[in-house]
Amino acid sequence: MTSHTWRLQPEGTAHDDWYDARADCHRRLRGPYTGLGTLLRSLVPDAHRARPGLVAHHAVEILSAAPELKDLIGAGPQTLTSLAVPNERTRLYPAKRTRRLAHGIVEFLHGHARELGHALALRFDRVDEADHTDQEFLAILLRRALPDLVMVTVHTGGADLIPELTTALAAHATHTVAQHPYEQENLTEPHKLAQAYVESDGTSHDPAEQAAYRRVDAAERARLHDQRAAELRRSGDWSLRLGAIPYHLEHGSDREAAADAFLEAAEYLVSMGFYHSLLDLAGRGTALVDPAEEPRKYWVLGTKVTTALAVLGQPEEAERRYIELRAMFHQPMLHIFSGYALAMLYTRYYPPELKDHQLAKAHLNNVLALASLLPDHDQRVFQSVFNRNGLALVELHLGNLTEALRLVSTGLADIDRELPAEKHRLHRSVLVHNRGRVYTALGRLEEALADISTVIELDPNYPDYYFDRADVRRRMGDLPGALADYSESITFTAPFWEMHYNRADVRLELGDLAGAIADLGYVLELEPDELDARINLASLLREQGDAAGSLAQVEEGLRHHPGNARLLCARGLLALDAGADQAALRDFDLALTAEPDLVSALANRAALVLKTGDHRTAVADLTRALAIEADNPDLLYNRGYVHQSAGDWELARRDYTAALLLPGADRADLLRQRAECHLALGDLTANQTDLAAAESAASSPNAVADSVRVS
């Protein structure tokens, strides 16, 4: 057997075979986070004794990967989403949730290692057989691990890995290949060999065990699987229900029990946002169900597959399967669920060029017609309210804000009036939140703030609400309040780069440059591909006079985004600062080749070529920039200045005059420049008038300073 080993450890560190924790990552054992869950079950008990606060801070991440630890560390912060029973759960986590969980675990491992006083040595086996969650975690761990705190060894059998992990291993770890014979325990009886294969939970690569398993009588093979499933169920570990238990029941004698096990696993997986595993298990579950005999089980599992496909960016395949299910069955609830889902594909999940909001409305109106005929009162009310909420989203996307507000508001009134207060608490909170979002879009910020504050009271541990309230407070001019909301949410959620990105903006507006730089740096530690954060950080470092730090950010950005116009422009500005005009011109040219309408590159190239007396190119660049940003007073000033430098006084005067009519213009400077034009054109009265006005404007407390000028 070929074995591939990758190691991440400090240079000069001798490798030995001792590990703080070792994990078999084969997804057939425990499904998502098989490896990470094993690691945490090993490490967390000691960490909880030594630093319970560290464990509590990362409880969401720990319990998502190792739910069995709930009895030890408690349930962690709960949300209405996590508390909702399956038939009342109306919210899906985004696919990127697992990245946040992975980042949180990396930081937990760093904290635990600091408490121990030595680097953790961690080994992960059979990683090529791991679920997407484990492979994603390892990719992030390899990239972010501090070598003096975490050493990582990864073993695979040579099969393909997800691209992110392949890249991380190549970039951060050393690679060796070895050949290992299979170690057999002198098992010669075929039955014992087959039993050994089953007891490996179908993960053994031993050829003798595999062959014996294939040869054993089908009934006996099923009996062995039934026996192993019962044994694993007695162990009580929940995560076994996501891997080995459904696997054994799938190959056992009781197809009904197997289908129920897959349904149970699928409900959990969709509630946690583990969509790659959901795609696998729900798909296997449908193969166990006869659609003619058990139509509901079949289509429930089938719609779990389509949900996973949609969230994972395959809306076309999701739609194809929804249509297939709708053609197979006539049950009203299937058509209600799938009609809503098809609408969401067309208003949310399809790329912009394939979105069709009118078709989405058509699907939802059909669903509402079906919902109105449901015999059960509570179900009829809820489905009507839920689908009108979906219709409100479509109206929001169409720009029909007043109609969106009406739909959400009437839905909230209906559910409050018609259903008991203890039912659908989650969806009631969703409706209040959505009404707040519509109020925000309408500019009714006080009402938006009230609704989002209400939903925070109802569901205080859900971080997205703080994100939205911070946005409202920022728009209202309450920067300290916005900062407080971002900071509050960060304390109880897994690392969430968007929070730090937005908090950087608020800190910058409050004059906290160091805080803004720290937040942007953390964003890039989490997600190095985030282009806007990279450009903003490079710009702030340049403004602070840290040219070397700014250039390092630009070059790292170009490594992730080769040929990006904005990064090339930023590098050109740094070259310009350093007096390297030719290098700057080369970068501005490259930027404009990549993005011909990049205003910053056009404006800065104009400033550079003006130094050489190339007025024609400077005017052409600024004219093109003004075609994109016609209301930019600085661009008009710059073009006026170029005309003035070329002696085109009338053209310069026109640009200065146009700029003076725009908000944000530097009136004092524009008036002084226009006064020179008047003088050159022989209009002495206008010259004196502008000079006096410039003097007055310069002394005004509202005078604009620090505008970008080509002069």
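Student: How do α21 and α22 run relative to each other, roughly parallel or roughly antiparallel?
Tutor: In this predicted model, the axes of helix α21 (residues 401-418) and α22 come within 9 Å and cross at roughly 155°, and the two helices are therefore roughly antiparallel to each other. Angles under 35 degrees count as roughly parallel, over 145 as roughly antiparallel, 65 to 115 as roughly perpendicular and the rest as oblique; they run from 0 to 180 degrees between N-to-C directions of axes fitted to C-alpha atoms, for helices over the stretch in contact.

Student: Which residues of α21 meet α22?
Tutor: On the α21 side the contact (heavy atoms within 4.5 Å) is made by Leu401, Ala404, Leu405, Val408, Ser409, Gly411, Leu412, Ile415 and Asp416, while the α22 side includes His427, Leu431, Val432, Arg435, Val438 and Leu442. The residues of this contact divide into 12 nonpolar, 4 polar and 3 charged, where Ala, Val, Leu, Ile, Met, Phe, Trp, Tyr, Cys and Pro are nonpolar, Asp, Glu, Lys and Arg charged, and the others, Gly among them, polar.

Student: And what sits in the loop between α21 and α22?
Tutor: Histidine 424 lies in that loop, and its phi is near 55°, a positive value in a residue other than glycine. Most residues other than glycine have a negative phi. At 7% relative accessibility, histidine 424 counts as buried, a term for residues under 20% relative accessible area, with exposed over 50% and partly exposed in between (1.4 Å probe, protein chains only).

Student: There's a histidine 433 too; which helix is that in?
Tutor: Histidine 433 belongs to helix α22, which spans residues 425-442, and at 8% relative accessibility histidine 433 is counted as buried. Apart from neighbours within four places in sequence, histidine 433 is in contact with Val455, Tyr465 and Asp468.

Student: Switching topic, at what angle do α36 and α37 cross?
Tutor: Helix α36 (residues 667-680) and helix α37 (residues 684-699) have axes that come within 8 Å and cross at roughly 165°, so α36 and α37 are roughly antiparallel to each other. Among the residues making the contact are Leu671, Arg674 and Leu679 of α36 and Leu684, Asp690 and Ala697 of α37; the residues of the contact divide into 11 nonpolar, 2 polar and 5 charged.

Student: What about α30 and α32, roughly parallel or roughly antiparallel?
Tutor: The axes of helix α30 (residues 565-577) and helix α32 (residues 599-611) come within 10 Å and cross at roughly 30°, and these helices are therefore roughly parallel to each other. Cys569, Leu573 and Leu576 in α30 meet Ser600, Ala601, Asn604, Leu608 and Lys611 in α32, a contact whose residues divide into 5 nonpolar, 2 polar and 1 charged.

Student: How many helices and strands does the chain have?
Tutor: The protein chain has 37 helices and 5 strands, being DSSP runs numbered from the N terminus (helices H or I, at least four residues; strands E, at least two). Buried residues make up 53% of its 711 residues, and the C-alpha atoms fill a box of roughly 110 × 70 × 45 Å along the principal axes.

Note on methods
Residues are numbered from 1 along each chain as its sequence is written. This is a predicted model: local features need pLDDT of at least 70, side-chain atom pairs count only at pLDDT 80 or more; totals for chains, interfaces and linings use all residues. Side-chain values use heavy atoms; hydrogens and water are left out.
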